[in-house]
Amino acid sequence: MIEIKINNINFLVKKNISILEACKYVGITIPRFCYHETLSVAGNCRMCLVEVENNPKPISSCTRPVENNMAIFVDTPLVKKARENVIETLLLNHPLDCPICDQGGECDLQDQTKVFGSDSSRFFFNKRGVEDKNCGPLIKTIMTRCIHCTRCVRFGTEIAGVDFLGTLNRGTSTEIGSYTTKNFSSEISGSVIDLCPVGALTSKPYAFKARPWELKVNETIDLTDSSGSNLYVNFKETEVMRVLPKNNTEINQTVISDKARFSYDALKNFRLQKIFIQSQTDLKFFETSNWPSLLKWLDVLLFSKPTQKILFVIDEELDLESLTLLKTIQNSFPNNITIRFHQKSILTLNNTFLSWTSNKFQDLKKDSKYCFLLSSNVRLESAILNAKLRNKVILQTFDVFSLGQNFHSSFPLKFVNISLNKILKLFEAKTSLASLLLKKESPLIIFGTSLKKRLYGNFNSLDFLKKIIPSAIVLEITKSSNSTIAPFFNFNISSTNDFKIADIVCAVNLSDNISLRKNFFGLKKEVIWFNTHGSTISKKSSILIPILTGFETETKYINLEQRPQKTLKSLNAIGDARDFKKILKALYSKKVSFKKEYSLNFLNEIIEHPNKFKTLTNKLSSQTLLTSPYLKNKNFIMNYPLKSSLEDFYLSNLFTKNSKVMAQCSQEV
C-alpha cells in the first residue's frame with residue numbers, strides 16, 4: 001500500500017493501479033467514456049482528466065499510475081473547464097435525437113452532459129453524418145452517434161476474439177466500422193451493446209419497444225446452456241422487453257451469450273396456451289380451460305387400472321424439484337411407473353460429484369500452464385467458459401490442446417487428432433502425450449459431452465482422472481442447464497421397448513428430434529404431452545397440457561460447476577399454463593408422501609444459505625474408484641468418431657428452437 005493525497009485528503013491505496021482506479025477504490029467517481037474495467041486502457045476520450053501537483057497541465061487518470069505521496073486534484077476549476085470542453089467537442093457532431101434513441105435514459109453522454117457540460121454551444125457548422133453498418137440481426141447501428149471510445153473495437157479483439165470492428169480514417173474523418181461487409185460472428189456479440197456508452201450500438205429486437213424508466217427488473221439465471229449465467233430480466237406489464245447480464249464475478253462477470261440475451265421472444269412464439277384434448281371420433285383437438293375437470297379425467301386415466309404401466313419420458317433440462325418429485329413417485333410405484341430420459345447425452349450412470357469447493361470457474365485463475373479439451377467444442381458448448389479461456393491465453397503463458405476434435409477456436413490452440421481408444425490410453429499413461437498431461441501441476445481438463453456419450457456404464461472417467469491427477473481442475477461441459485444433476489437420479493435412457501410395454505406415455509418438456517419421432521409416430525396409446533410449446537410430435541398426443549417456463553416460475557438448477565441456483569418468477573402464467581410441479585402434486589398428493597421422501601434437502605439448504613457451505617467437503621465421491629464396485633461392472637465403449645454435441649449454437653434446446661430471433665441468427669450463419 002502507498003499513501004496519496006486526493007483533494008488534500010490522505011488515502012492508502014494499492015500499488016500499480018491508475019489514478020482513476022485509486023479514486024474509485026476510495027469512493028470518488030471520475031467521469032469517463034473509453035475506460036472499462038474488463039478492457040485494456042485506451043486513454044482517448046480525455047474525460048477523466050485530473051490535476052497532479054507539479055504537472056504543468058491536466059493528465060488522463062486512466063493512463064497514469066499512482067506514486068507514493070502523489071497529490072491529486074479532481075475538481076479544480078481547470079479540471080471542470082477541461083471536462084466541459086471535452087463534452088462540447090463530443091457534441092459537435094452528435095445528433096440531438098435523444099427522444100427517439102433507445103439509449104435515452106441510460107446514456108452516459110446524456111448523463112455527463114447534464115453534470116459536466118455547458119448550457120450552450122459555440123458550434124454553427126453543419127454536422128457530419130456517418131453511414132450505418134450492418135452487424136447482423138442482433139445489433140442495430142447508428143454510427144452518427146458514435147463518440148469513438150473504441151470499447152467495441154477492444155471488446156472484439158480482446159474478449160470475443162473476432163476482429164470485426166476497427167477504426168477507419170483519421171482526424172475529423174475517423175469512424176468505427178468493419179473492413180468488409182459481414183456479420184459480427186461471435187457467440188457473445190451482444191455484449192457490445194452494454195459496453196457502448198451512447199446509442200451507436202443498440203439491440204435490434206428491443207428497438208422502439210420501451211423506455212428504461214417504464215421497465216421492471218427481476219433476477220434469474222440463463223437456462224440455455226450449463227454455465228448458469230446470472231441475468232436481469234426487464235419486463236413491461238406481461239411481456240419481457242430485454243435481458244441484461246448481472247455482474248457475477250464467480251461465473252459470467254458482465255458477459256452473457258447471445259442465446260441468453262435474445263431468445264426471450266420464445267416466451268410467446270408457438271406457446272401452448274390452452275389445454276387441448278383430442279376427440280375420439282374425428283381425431284381433432286378442442287380446447288378447454290377447465291382444470292378441475294382435467295385433473296379428474298387424469299385421475300381416472302392414471303389410476304383406473306392397478307396393473308397398467310405408465311412411462312414418463314422426460315428432458316434433462318427439467319428443473320431439480322420436478323426431477324425429485326418424479327423420483328419420489330417412481331419409488332412409491334416401482335411396478336407401475338417408469339421414468340426415462342430421452343437424450344443420449346446421459347449415458348454414464350454417474351451419481352457422484354467431483355467436489356463442492358473446487359473445479360469451479362474461479363479455479364481458472366490458478367497458475368495452470370496447460371489446458372486439455374477432451375472432445376469438446378468449448379466455443380459452442382459454453383460461450384462463457386470459452387471467453388474465460390481466451391482471457392487466460394492472452395494474459396499469461398497458457399497452452400491449450402484439443403484432443404480428438406478440431407473446431408474453429410477464438411484463441412490459439414493445438415489440435416491433436418487421436419481416437420477414443422488413444423484418449424483412454426492417455427489416462428493409462430501409455431502414450432507420449434501422457435507425460436505432458438500427468439506431470440504438470442494443476443492442469444485444466446475440460447470434458448465434452450461427445451466423450452461422455454461414448455462411455456456407457458458405472459465407471460466415472462472424471463473421478464478416475466481426478467484420482468490419477470489430484471491437483472487437476474476438471475470441468476465437464478454438459479449440454480443443458482440441469483444436466484449435471486440429472487444422472488444423480490439414475491433414470492435410464494428411453495428405448496423402443498419402453499414405449500411398447502407402456503400403456504400410457506407422459507412426455508414432459510421434450511424437444512422435437514428424429515429419434516423421438518421414430519418412437520412416437522405410429523404409437524397407438526394414450527400420450528399426454530406436458531410442454532411449454534407445441535411441435536409436430538405433439539399432434540400425435542391425446543392431450544396437450546401447457547406448463548410454465550423458467551421466466552414464469554421459481555425453479556432450482558445445478559450448473560456445470562455443481563453450483564445450485566434458482567430462477568425467480570418474472571411474469572404471470574401465459575394462458576392456462578401451470579407449474580409442472582404443482583400438477584404432479586395435485587395428481588399424486590393423496591397417494592405419495594412427498595415431504596418424507598424429499599431426498600435432496602441438502603441442495604435446497606445450499607441454495608438458500610450459500611455462505612454456510614463454502615468449506616463443505618464432498619462425501620458423495622468417497623467410494624474408491626479403483627476397486628471392486630466399478631471394475632467388476634461392465635462398461636461399454638462406443639468407438640464412433642468424436643464430434644461436437646452441438647451443431648448449431650443458436651438452436652440448442654427446446655426454448656431457443658422456438659425463438660424467431662435465434663432462427664434468424666442460425667440462418668445468417
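**View 1. Lining of the largest cavity in the predicted model.** By class, the lining has twelve nonpolar, 13 polar and five charged residues; Ala, Val, Leu, Ile, Met, Phe, Trp, Tyr, Cys and Pro count as nonpolar, Asp, Glu, Lys and Arg as charged, and the others, Gly among them, as polar. The largest cavity is lined by 30 residues, and those nearest its centre are Leu223, Thr549, Gly550, Tyr557 and Phe655. Two or more lining residues come from each of β10 (216–221), α17 (580–588) and α20 (654–657). A cavity here is a set of points, on a 1 Å grid over the protein atoms alone, where a 1.4 Å probe fits but cannot get out; lining residues have an atom within 4 Å of a point. The space in the largest cavity is about 460 Å³, and a search of the whole structure finds nine cavities of 30 Å³ or more. Grid points are joined across faces, edges and corners, and a volume is the space filled by probe spheres set on the points.

The model is predicted: local features need pLDDT of at least 70, side-chain atom pairs count only at pLDDT 80 or more, and totals for chains, interfaces and linings use all residues. Residues are numbered from 1 along each chain as its sequence is written, and side-chain values use heavy atoms, with hydrogens and water left out.

View 2. Helix α8 (residues 320–332) has 13 residues and reaches 19 Å from its first C-alpha to its last, close to the 18 Å expected at 1.5 Å a residue; the expected span is 1.5 Å times one less than the number of residues. Helices (H or I, at least four residues) and strands (E, at least two) are DSSP runs, numbered from the N terminus. Eleven of the 13 residues of α8 are buried (under 20% relative accessible area, 1.4 Å probe, protein chains only), including Leu320, Leu323 and Ile329. Asp319 caps the N-terminal end of α8, with a side-chain oxygen 3.3 Å from the backbone nitrogen of Glu321.

View 3. Ser227 is found in the loop between β10 and β11 (230–236) and is buried, with a relative accessible area of 0%. Leaving aside neighbours within four places in sequence, Ser227 is in contact (heavy atoms within 4.5 Å) with Ile251, Phe361, Ser382, Ile384, Asn559 and Leu560. The side chains of Ser227 and Ser382 make a polar contact at 2.9 Å.

Key. Buried means under 20% relative accessible area, exposed over 50%, partly exposed in between (1.4 Å probe, protein chains only). A polar contact is a pair of N or O atoms within 3.5 Å; within protein, one must be able to donate a hydrogen and the other to accept it, and residues adjacent in sequence count only if both atoms are side-chain atoms. On a 1 Å grid over the protein atoms alone, a cavity is a set of points where a 1.4 Å probe fits but cannot get out, and a pocket is an open set with protein on both sides within 12 Å along at least five of seven lines; lining residues have an atom within 4 Å of a point.
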